[in-house]
Amino acid sequence: MNYFQLFHLPAQFELDLTELGTRYLELQRQFHPDKHAAGSERDKLMAVQQAANINDAYHSLKQPLLRAEHLLALRGLKISNEQRSFMEPAFLMQQMELRELLAEISDAADPDALIDEADQQIQQQKKALLRQLQSALDANNPEHDHQAADIIRKLKFFFKLQHELELIEQTQD
Amino acid sequence: MAYSTKVIDHYENPRNVGSFAKDDPSIATGMVGAPACGDVMKLQLKINDQGIIEDAKFKTYGCGSAIASSSLVTEWVKGKSIDEAALIKNTDIAQELALPPVKIHCSILAEDAIKAAIADYKQRHGN
């Protein structure tokens, strides 16, 4: 299913989240099962199915990485659920260093300073990778699509790091 | 999901955690990661002139199964030649640790870490 089509949005990475939200509410109203309660069994079933599709589509389009994966899948490059190991030594070394930085926080004399430092590094790298992802996807050709897939893989590590950092911040409070 | 007793043992008492000096020519370093869960694994092998793995160390940031898989692998590779170590399969690791299907990728990561370390060694020793 093409989620962009469902929401009448252009199939591209850049997305107006406000517009997405508005379309979502419109579609939700249109296909709300209550509205089809008087219809035939088949109508009711289709409304339920469509309401589920709309929810799935909304959640995928809202998140940049899922949106990028969906866009690649529409172009024939499926990378969600892949179990392949990522093997770029320099990138992984940097991940290891950031993980070590995170591990130091709990014993640090000034944990907040380390949290800020880690947060800054993660945000900076994430932003840069998201920019690269945007231009790779905008190029819309197989070579750049493969680059985009690699950028998504890297971004997943950073989203995980961010999550880990948030967990640490919670224990610090 | 319950971890097997072997996973818990390796997780609570990980074998051979740490690092060797990276620029030591007898040290081979394998770095691998799993984008899906964000796990990162570093496996280092100390290889002598006869191509025998004398020692191994690992550092893994990830779930219990990823830590147990890498810990187990450091025990298994010691004393093996690099060709023998290259034969270790993820299915052997998964079976030994009784990993459930959703954690199979952790054993794949450990197998790939051995391969990456051997590739690093071969690249640096020109064969």
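User: Which residue takes a positive phi in the hairpin of strand 2 and strand 3 of chain B, and how many residues lie between the strands?
Analyst: That's B:Gly51, with a positive phi near 80°, and there are five residues between the strands. Strands here are DSSP runs of E with at least two residues, helices are runs of H or I with at least four, and both are numbered from the N terminus. Keep in mind that this is a predicted model, where local features need pLDDT of at least 70, side-chain atom pairs count only at pLDDT 80 or more, and totals for chains, interfaces and linings use all residues. Residues are numbered from 1 along each chain as its sequence is written, while chains are lettered from A and ligands numbered from 1 in the order in which they are written.

User: How do you know that strand 2 and strand 3 of chain B pair?
Analyst: Two strands pair if DSSP finds at least two bridges between them. Strand 2 and strand 3 (residues 53-61) of chain B have eight bridges, in the antiparallel sense, so they pass that test. One example is B:Lys46, whose bridge partner in strand 3 of chain B is B:Asp55.

User: And what joins strand 1 of chain B to strand 2 of chain B?
Analyst: Eight bridges again, with strand 1 (residues 27-34) running antiparallel to strand 2 of chain B. B:Gly30 stands opposite B:Leu43 in strand 2 of chain B, and B:Thr29 has B:Gln44 there as its bridge partner. These two strands also form a hairpin, with four residues between them and a positive phi of about 75° at B:Gly38 in the turn.

User: What makes strand 1 and strand 3 of chain B stand at the edges?
Analyst: The three strands form an open, antiparallel sheet in the order 1-2-3. Strand 1 and strand 3 of chain B each have a single partner strand, so one side of each has no neighbour in the sheet. Neighbouring strands are turned by 15° against each other on average, direction ignored.

User: Why is strand 2 of chain B called largely enclosed?
Analyst: A residue is buried if 20 or more other C-beta atoms, placed from the backbone, lie within 10 Å of its own, exposed if 12 or fewer do, and partly exposed in between. Eight of the nine residues in strand 2 (residues 39-47) of chain B are buried, so the rest of the structure largely encloses this strand.

User: Is A:Glu19 buried or exposed, and how do you know?
Analyst: A:Glu19 has 12 other C-beta atoms within 10 Å, so it counts as exposed. Its place is helix 2 (residues 17-30) of chain A.

User: What about A:Asn140, buried, partly exposed or exposed?
Analyst: Partly exposed, because A:Asn140 has 14 C-beta neighbours inside 10 Å. A:Asn140 sits in the loop between helix 6 (111-139) and helix 7 of chain A and has a positive phi of about 50° without being a glycine.

User: Why are helix 1 and helix 2 of chain B called roughly perpendicular?
Analyst: The axes of helix 1 (residues 5-12) and helix 2 (residues 64-77) of chain B come within 8 Å and cross at roughly 80°. That makes helix 1 of chain B roughly perpendicular to helix 2 of chain B. For the cut-offs, angles under 35 degrees are roughly parallel, over 145 roughly antiparallel, 65 to 115 roughly perpendicular, and the rest oblique. Axes are lines fitted to C-alpha atoms, for helices over the stretch in contact, with angles from 0 to 180 degrees between N-to-C directions.

User: How many residues of chain A are in contact with chain B, and what makes a contact?
Analyst: Two residues are in contact if their C-beta atoms, placed from the backbone, lie within 7 Å. There are 15 residues of chain A in contact with 16 residues of chain B. Helix 5 (89-104) and helix 7 (142-172) of chain A are the elements giving two or more residues to chain A's side, and helix 5 of chain A gives the largest share, six residues. Helix 5 of chain A lies across strand 1, strand 2 and strand 3 of chain B, at about 80° to strand 1 of chain B.

User: What confidence does the model have?
Analyst: pLDDT is the predictor's confidence in each residue, from 0 to 100. Chain A averages 93, with 99% of the residues scoring at least 70, and chain B averages 94, with 98% at that level. The model scores ipTM 0.88 and pTM 0.90.
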